[in-house]
Amino acid sequence: MQFDDDAGLDASEVQDLRGSGGGGGGIGGRVALGGGGIGLVGLVIYFLISQFGGASLGSSSASSGLGLGNVGSGQQLESTTLAQKCHTGADANRDHDCAIVAIINSVQDYWSQEFARSGETYRKAPTRFFTGGVRTGCGSATSDTGPFYCPADSDVYIDLSFFDELKTRFGAQGGLFTEAYVLAHEYGHHVQNLTGTSKRGTGTGPTSGSVRLELQADCYAGVWANHASTTPTESGKPLVQNITQDDVASALDTASRIGDDYIQSKLGSGSVDSSSFTHGTSAQREKWFTTGFTSGQPARCNTFSTNNLG
């Protein structure tokens with residue numbers, strides 16, 4: 001995955017909370033379970049830790065033993081560093097933080113244009129980088145929650161160390177496009193919030209609204225990937241130059257390792273309890289990302305209208 005050196009970046013779409021004094025400890029489940037937060041794997045992780053005594057997924061939070069410290073609701077650092085260093089695609093090609101900014105710009109520019117084609121208005125939402133713990137409109141969270149979207153404040157939250165956890169604990173291949181898949185999934189939840197679909201994501205079980213919501217977000221991530229190299233940013237040029245078959249393979253590899261069945265069997269008790277499913281199986285997650293990627297059509301992502309989730 002490469003970016004156009006000359007395409008412009010908008011660092012204002014990312015707010016950097018790292019280093020703002022907050023630690024994190026224990027389970028970051030309040031935001032996922034009680035506050036309406038929607039995460040890539042957060043609900044499953046919380047379930048495993050609370051039910052089976054699994055190890056913390058956030059190494060920094062596990063070692064600190066701290067609460068949320070001085071991270072207050074809405075508190076953020078000035079994101080001057082990102083604004084100073086992330087100007088163009090060339091910066092994204094040489095700096096990881098700038099690459100994340102570029103991905104977020106691309107995802108949001110696609111949805112802005114898709115909404116406009118339907119006569120609707122897409123409201124951009126910031127991604128907030130944090131370390132250890134954070135307070136949100138959906139409650140408190142630590143790195144253990146995984147990346148998540150909070151409907152209450154319409155923000156995406158991520159501790160970037162999660163991408164290391166995907167490789168070290170989940171065994172995923174990793175790579176930049178894996179990170180793009182994760183972020184595009186969370187912005188899929190923002191789309192659901194804007195369209196009113198989020199309220200349908202309730203319950204647990206293999207055909208629950210929660211599973212359907214997560215699989216739709218996977219599909220939306222695939223739709224963006226289909227259009228990424230042809231979606232111009234506000235500067236008039238597509239940020240993403242190309243997405244290779246290896247990129248797609250890395251996303252599918254990640255999807256295969258964050259299904260309910262995989263996490264419960266490999267990282268939990270060793271047995272699978274489908275009644276507790278909230279995100280879908282590995283095969284389903286692969287299927288719905290692929291559906292979005294091959295079709296490029298958001299309308300093909302209506303997981304709520306089918307009896308065949310895969």
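**Reading the core and its helices**

Q: Of the 64 residues in the largest nonpolar core, which touch the most other members?

A: W224 and F289 touch the most other members of this 64-residue core. The general idea is that nonpolar side chains tend to be buried together in soluble globular proteins. A nonpolar core is a set of buried Ala, Val, Leu, Ile, Met, Phe, Trp, Tyr and Cys residues joined through side-chain atoms within 4.5 Å. Buried means under 20% relative accessible area, exposed over 50%, and partly exposed in between, using a 1.4 Å probe on protein chains only.

Q: Which elements give two or more residues to this core?

A: They are α6 (96-117), β8 (155-158), α7 (162-168), α8 (176-195), α9 (209-227), α10 (245-256) and α12 (282-295). Helix α6 gives the most, with eleven residues. Helices (H or I, at least four residues) and strands (E, at least two) are DSSP runs numbered from the N terminus. There is also a second, separate core of eight residues, with F130, V134, C138 and A141 among them.

Q: What should I know about the model itself?

A: It is predicted, and local features need pLDDT of at least 70, side-chain atom pairs count only at pLDDT 80 or more, and totals for chains, interfaces and linings use all residues. Residues are numbered from 1 along each chain as its sequence is written, and side-chain values use heavy atoms, leaving out hydrogens and water.

Q: How many helices and strands does the protein chain have?

A: The protein chain has twelve helices and nine strands. It holds 310 residues, and 56% of them count as buried. Take its contacts with a separation of 6 or more: 76% join residues 24 or more positions apart. Contact means heavy atoms within 4.5 Å.

Q: What does W224 touch?

A: Setting aside residues up to four places away in sequence, W224 touches M1, S106, V107, Y110, F177, A180, A184 and V240. Follow V240 next. It is in strand β9 (residues 240-242). V240 is buried, at 1% relative accessible area. Beyond four places in sequence, its contacts include M1, Q2, F3 and W224. V240 and F3 are 237 residues apart along the chain, yet their C-alpha atoms are separated by 4.5 Å.

Q: What span should α12 have?

A: The expected span of a helix is 1.5 Å times one less than its number of residues. The 14 residues of α12 should span 20 Å, and its end C-alpha atoms are 20 Å apart, which agrees. Helix α8 has 17 of its 20 residues buried, so it is largely enclosed by the rest of the structure.

Q: Where do the buried residues of α12 pack?

A: They pack against α8, α9, α10 and α11 (260-267). The buried residues of α12 include W288, F289 and F293.

Q: How do the axes of α9 and α12 cross?

A: Two packed helices are described by the angle between their axes and the distance between the axes. The axes of α9 and α12 come within 6 Å and cross at roughly 35 degrees. The crossing is right-handed. Residues making the contact include L215, G222 and A225 of α9, and W288, F289 and G292 of α12.

Q: Which residue has a positive phi although it is not a glycine?

A: Most residues other than glycine have a negative phi. S154 has a positive phi of about 60 degrees. It lies in the loop between β7 and β8. S154 is buried, at 19% relative accessible area. G296 follows α12, with a positive phi near 65 degrees.

Q: What joins the side chains of T254 and T178?

A: A polar contact of 3.3 Å joins them. A polar contact is a pair of N or O atoms within 3.5 Å; within protein, one must be able to donate a hydrogen and the other to accept it, and residues adjacent in sequence count only if both atoms are side-chain atoms. T254 lies in helix α10, and at 0% relative accessibility it counts as buried. Another threonine, T136, is in strand β5 (residues 133-136). The T136 side chain reaches the backbone nitrogen of C138 at 2.9 Å.

Note on methods:
Axes are lines fitted to C-alpha atoms, for helices over the stretch in contact, and angles run from 0 to 180 degrees between N-to-C directions. A crossing is left-handed if the near helix is turned anticlockwise from the far one by less than a right angle, and right-handed if clockwise.
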